[in-house]
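Dear colleague,

Please find below the structure that I am handing over to you. My findings follow it, and I would be grateful if you read them with the model open.

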Amino acid sequence: MQSPNVEYWLRRAHEAGIPVVASAGNHGRALAEAAATTAMPCVVFTPSDAPRTKLDAIEAAGARLDASYRTYDAAEAAAKDYAASTGA
């Protein structure tokens, strides 16, 4: 069972668009798993050297994963650009 607080923030994020996050792994995994419980899409940007187990878990939860960035800062910039260009 998901906490009411998580459900509230997921609904708010979905009202604004698709949730988009930059993560080194844990935050992206948590968002992907929370979004999956509500059948909500989400997009996670990570550096390419994030732990494979975390990347696999993000994908297994159904999130769109982009792990093509050399650094966290580059992944964060890409997440911001994506959100701005798509209205997510």
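Is Thr46 buried or exposed? In this model, which is a predicted one, Thr46 is buried, as its relative accessible area is 0%. The residue belongs to strand 2, which spans residues 43-47. Apart from its neighbours within four places in sequence, Thr46 is in contact with Ser23, Leu55, Ile58, Leu65, Asp66, Ala67, Ser68, Tyr69 and Ala75. The surroundings of this residue are described next, beginning with the chain as a whole.

Overall arrangement

The chain contains four helices and three strands. Read from the N terminus, its elements follow the order α-β-α-β-α-β-α. The chain has 88 residues, of which 36% count as buried. Among the contacts in the chain with a separation of 6 or more, 51% are between residues 24 or more positions apart.

The three strands form an open sheet in the order 1-2-3, and their pairing is parallel. Strand 1 (20-22) and strand 3 (64-69) are at the edges; each has a single partner strand, so one side of each has no neighbour in the sheet. From one strand to the next, the twist averages 20°. As a general point, the strands of a sheet pair through backbone hydrogen bonds, in either a parallel or an antiparallel manner.

Strand 2 is paired on both accounts. Strand 1 and strand 2 run parallel and are joined by three bridges, and Ala22 has Phe45 of strand 2 as its bridge partner. Strand 2 and strand 3 also pair in the parallel sense, over four bridges. Here Pro47 stands opposite Tyr69 of strand 3, and Tyr69 is also one of the residues that Thr46 contacts.

How many residues of strand 2 are buried? Five of its five residues are buried, and the strand is accordingly described as mostly covered. Val43, Phe45 and Pro47 point one way from the strand, while Val44 and Thr46 point the other way. Residues on both sides are buried.

Helix 4, residues 72-86, lies across strand 1, strand 2 and strand 3. The helix runs at about 155° to strand 2.

Helix 2 and helix 3

Helix 2 (residues 26-37) packs with helix 3 (residues 52-60) at an angle of about 20°, and their axes are 8 Å apart. Angles under 35 degrees count as roughly parallel, and the two helices are therefore roughly parallel to each other. Their crossing is left-handed. On the side of helix 2, the contact is made by Asn26, Gly28, Arg29, Ala32 and Glu33; helix 3 contributes Lys54, Ala57 and Ile58.

Ile58, which is in helix 3, deserves a separate note. With a relative accessible area of 0%, Ile58 is buried. Leaving out residues up to four places away in sequence, Ile58 touches Gly25, Gly28, Arg29, Ala32, Val44, Thr46, Ala63 and Leu65. One of these, Ala32, is 26 residues from Ile58 in sequence, yet the two are 5.7 Å apart in space, C-alpha to C-alpha.

Two loop residues

Gly25 is located in the loop between strand 1 and helix 2. This glycine is buried, with a relative accessible area of 0%. Not counting residues up to four places away in sequence, Gly25 touches Lys54 and Ile58. The C-alpha atoms of Gly25 and Pro51 are separated by 7.0 Å, although the two residues are 26 residues apart along the chain.

Is Ala39 buried or exposed? Ala39 is exposed, with a relative accessible area of 70%. Its place is in the loop between helix 2 and strand 2. Ala39 has a positive phi of about 55°, although this residue is not a glycine.

With kind regards

Terms used
Residues are numbered from 1 along each chain as its sequence is written. This is a predicted model: local features need pLDDT of at least 70, side-chain atom pairs count only at pLDDT 80 or more; totals for chains, interfaces and linings use all residues. Side-chain values use heavy atoms; hydrogens and water are left out. Buried means under 20% relative accessible area, exposed over 50%, partly exposed in between (1.4 Å probe, protein chains only). Contact means heavy atoms within 4.5 Å. Two strands pair if DSSP finds at least two bridges between them. Axes are lines fitted to C-alpha atoms, for helices over the stretch in contact, and angles run from 0 to 180 degrees between N-to-C directions. Angles under 35 degrees count as roughly parallel, over 145 as roughly antiparallel, 65 to 115 as roughly perpendicular and the rest as oblique. A crossing is left-handed if the near helix is turned anticlockwise from the far one by less than a right angle, and right-handed if clockwise.
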